[in-house]
Amino acid sequence: MYADGDIPGLLRHTGAPDPDRTSALLRRSFPDAAIERCQGSNLYSGVYPPPGRAYAGSWPGLDVLADRRLMIDTPSHLPEHLVSAGAGRRLVLHAMHSVVDWLAFAVWEDGHLLRSLSLSPDSGVIENIGTLLPFEQPYWAGDRPADVIPWPGAEEDPYPLPFHPLELGEDALRSLCGFIQEGYPEPDDIDAEAVSLLGFVIREPHEPA
């Protein structure tokens, strides 16, 4: 997400995405790809699009782009043209994968990386750059230990991380973007299903038609 200010505050006042602005966002993000419109989604269901598809929305002061190609293990390696597009703005990348308990998030201000974290129980800490953000502190302090129930008959090995990445991931999503994917919503959480996104099929030059 790119924002000229507070992302949760901007998301609370979105209407339908502007089609021309959103198409321009896709062309800037994937300059060499063939892009076609397709059926859209919303901010809740569309954060993990099918392969080759993206969901996006653009409004004054706010751009949202969901695409699996942006779910990278090292957020600090986000392509430079995407980081540069955040000049003068806040850029937030957030990605989770529940199958492997993987979390990655990063925050840039005016093109400068402030914080990046990527970790999973299998890979450990993949990237850890910058100062902890307030919502992270209880996790690293040991106040939010992972509560993992082993499979029946399996030995209960200690969880290899001091907390569960997906639990931190939900708090990161709430703090940075104002909504969650799993868990109990709070009164101030944004209704992500009410935020419409446009759909796009994206075909890179090396991909078959």
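**Strands and their partners**

Author: Let's start with a pair of strands: β3 and β4 pair in the antiparallel sense over five bridges. Keep in mind that this is a predicted model.

Reader: What holds strands of a sheet together in general?

Author: Strands of a sheet pair through backbone hydrogen bonds, and the pairing is either parallel or antiparallel. To see it here, find Ser58, which stands opposite Asp63 in β4. Between β3 and β4 the hairpin has two residues, and Gly61 takes a positive phi near 85 degrees.

Reader: Which strand is joined to β3 by four bridges?

Author: That's β9, residues 196–203, and the two run antiparallel. A spot to look at is Ala54, with Phe200 of β9 opposite. β3 is also mostly covered, with six of its seven residues buried.

Reader: And what is the strand order of the open sheet?

Author: There are nine strands, in the order β2-β9-β3-β4-β1-β5-β6-β7-β8, with antiparallel pairing. The edges are β2 (34–42) and β8 (124–130), each of which pairs on one side only.

Reader: Is Asp101 buried or exposed?

Author: Asp101 counts as buried because its relative accessibility is 16%, under the 20% cut-off. Asp110, with a relative accessible area of 44%, is partly exposed.

Reader: Where does Asp157 lie?

Author: In the loop between α4 (137–140) and α5. Asp157 is exposed, because its relative accessible area is 57% and the cut-off is over 50%. Its C-alpha atom is separated by 41 Å from that of Asp6, 151 residues away along the chain.

**Cores**

Reader: On to the nonpolar cores. Which residues touch the most other members of the largest one?

Author: Met1, Leu11, Leu43, Val64, Cys177 and Phe179, out of 31 residues in that core. Two or more residues each come from α1 (7–11), β3 (53–59), β4 (62–66), β5 (90–97), β6 (102–109), β7 (112–120) and α5 (165–177). The most come from α5, which gives six.

Reader: What does Leu43 touch, not counting residues up to four places away in sequence?

Author: On that count, Leu43 touches Met1, Leu11, Val64, Phe179, Gln181, Ala192, Val195 and Leu197. There's also a second, separate core of 19 residues, which includes Tyr2, Leu82, Val83 and Trp108.

Reader: Where is Tyr44 found?

Author: Tyr44 is in the loop between β2 and β3. At 32% relative accessibility, Tyr44 counts as partly exposed. Not counting residues up to four places away in sequence, Tyr44 touches Ile180, Gln181, Ala192 and Glu193. From Tyr44 to His81 is 27 Å, C-alpha to C-alpha, and they are 37 residues apart in sequence.

**The pocket**

Reader: How much space lies in the largest pocket?

Author: About 800 Å³. Its lining has 31 residues, and the closest to the centre are Val47, Met71, His94, Ala95 and Met96.

Reader: Which element supplies the largest share of that lining?

Author: β5 does, with seven residues. At least two residues each are supplied by β4, β5 and α5.

Reader: And what is the make-up of the lining by class?

Author: The lining has 23 nonpolar, four polar and four charged residues.

Technical notes: Residues are numbered from 1 along each chain as its sequence is written. This is a predicted model: local features need pLDDT of at least 70, side-chain atom pairs count only at pLDDT 80 or more; totals for chains, interfaces and linings use all residues. Side-chain values use heavy atoms; hydrogens and water are left out. A nonpolar core is a set of buried Ala, Val, Leu, Ile, Met, Phe, Trp, Tyr and Cys residues joined through side-chain atoms within 4.5 Å. Buried means under 20% relative accessible area, exposed over 50%, partly exposed in between (1.4 Å probe, protein chains only). Contact means heavy atoms within 4.5 Å. On a 1 Å grid over the protein atoms alone, a cavity is a set of points where a 1.4 Å probe fits but cannot get out, and a pocket is an open set with protein on both sides within 12 Å along at least five of seven lines; lining residues have an atom within 4 Å of a point. Grid points are joined across faces, edges and corners, and a volume is the space filled by probe spheres set on the points. Ala, Val, Leu, Ile, Met, Phe, Trp, Tyr, Cys and Pro count as nonpolar, Asp, Glu, Lys and Arg as charged, and the others, Gly among them, as polar. Two strands pair if DSSP finds at least two bridges between them.
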